[in-house]
Amino acid sequence: NGCQADWMCLLANTRRDGPPHKTKSLICLPPKTPGVTVARSIKKMGHHSSDTAQFFFEDVRVPAKNIIGEEGMGFIYQMLQFQEERLAAAINSVPMMDRIIQETMDYCRQRKVFGAPLIQNQVIQFRLAELQTEVECLRALCYRAAGLMMEGENVTLLASMAKLKCGRLLREVADSCLQYWGGMGYSHEMLVSRSFRDARLLSIAGGADEVMLTIIAKMTGSADK
């Protein structure tokens with residue numbers, strides 16, 4: 001929402017010397033600050049309801065009070081909040097998958113082919129059953145991770161697993177369910193079509209699948225730390 005935001009949380013270098021992870025700070029920056037230019041709104045494959053902007057900065061000055069937390073700790077703050085962000089992404093994906101599957105089931109009950117509802121095809125019944133089972137597994141993982149987080153435990157491993165799984169599973173659910181909608185599923189007006197496009201971002205934003213796999217491999221011992 002960069003084109004309409006009242007402020008941005010900017011990660012910027014505020015020190016010239018020191019290790020890279022201690023030279024950055026988080027800064028609260030209003031986009032209307034002199035020197036800040038919104039260059040364009042980027043056209044995306046999905047998530048059309050939230051614009052993504054390209055910014056240019058030239059001789060931008062902000063008061064020191066706009067720094068969030070301690071100066072030089074921005075990168076560390078960013079890494080710490082990733083666990084909550086990744087777990088939240090997984091949790092938010094579950095009801096979306098529930099809805100896609102339920103709407104597909106309802107559609108297959110009322111859509112008739114050769115005089116019989118689509119839902120009577122066992123291949124559709126079995127596929128929807130498989131997807132629901134996978135979603136329940138992810139839901140259980142999210143509950144476990146959230147419970148441990150509330151107890152103050154480090155949930156980096158579980159959050160990374162949930163983030164990896166949710167991106168892949170949402171794509172699988174959207175792709176499989178879209179097939180049963182036929183030509184209607186290919187139209188923009190259908191939720192399953194939007195989900196098919198939006199789902200791709202989950203395996204990129206907030207930490208790509210490859211980053212999640214690296215974390216999981218290191219924390220489970222299959223890769224050197």
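1. How much space lies in the largest pocket? In this predicted model, the space in the largest pocket comes to about 460 Å³. Its lining is made up of 18 residues, and those that lie nearest the centre of the pocket are H47, L170, D198, L201 and L202.

2. As to where the lining of this pocket comes from, three helices each supply at least two of its residues, namely α1 (74-110), α3 (156-181) and α4 (191-198). Among the contributors, α1 gives the most, with five residues. By residue class, the lining of the largest pocket divides into eight nonpolar, six polar and four charged residues, and a reader looking at the pocket may wish to keep that division in mind alongside the names given above.

3. Two aromatic pairs are found when the whole structure is searched. In one of them, the ring centres of F55 and F57 are 6.3 Å apart and the planes stand at 20 degrees, and because planes under 30 degrees apart count as stacked, this pair is classed as stacked. F57 is partly exposed, its relative accessible area being 41%.

4. The other pair joins Y107 and W181, whose ring centres are 4.3 Å apart and whose planes are at 10 degrees, so that this pair, too, is stacked. Y107 lies in helix α1 and W181 in helix α3, so the pair ties together parts that are 74 residues apart in sequence. Both partners are buried: Y107 has a relative accessibility of 12%, and W181 has a relative accessibility of 10%.

5. A further contact to check in the model is that between R86 and F82, where the charged end of R86 sits over the ring of F82, at 4.4 Å from the centre of that ring.

Definitions and conventions
Residues numbered from 1 in each chain as written. Predicted model: local features only at pLDDT ≥ 70, side-chain atom pairs only at ≥ 80, totals over all residues. Heavy atoms only, no water. 1 Å grid on protein atoms, 1.4 Å probe; cavity = no way out; pocket = protein on both sides within 12 Å on 5 of 7 lines; lining within 4 Å. Points joined across faces, edges and corners; volume = space filled by probe spheres on them. Helix = DSSP H or I, 4+ residues; strand = E, 2+ residues; numbered from the N terminus. Nonpolar A, V, L, I, M, F, W, Y, C, P; charged D, E, K, R; others polar. Phe/Tyr/Trp six-rings, centres within 6.5 Å; stacked < 30°, edge-to-face > 60°. Buried < 20%, exposed > 50% of the residue type's maximum accessible area, 1.4 Å probe, protein only. Lys NZ or Arg CZ within 6 Å of the ring centre and 35° of its normal.
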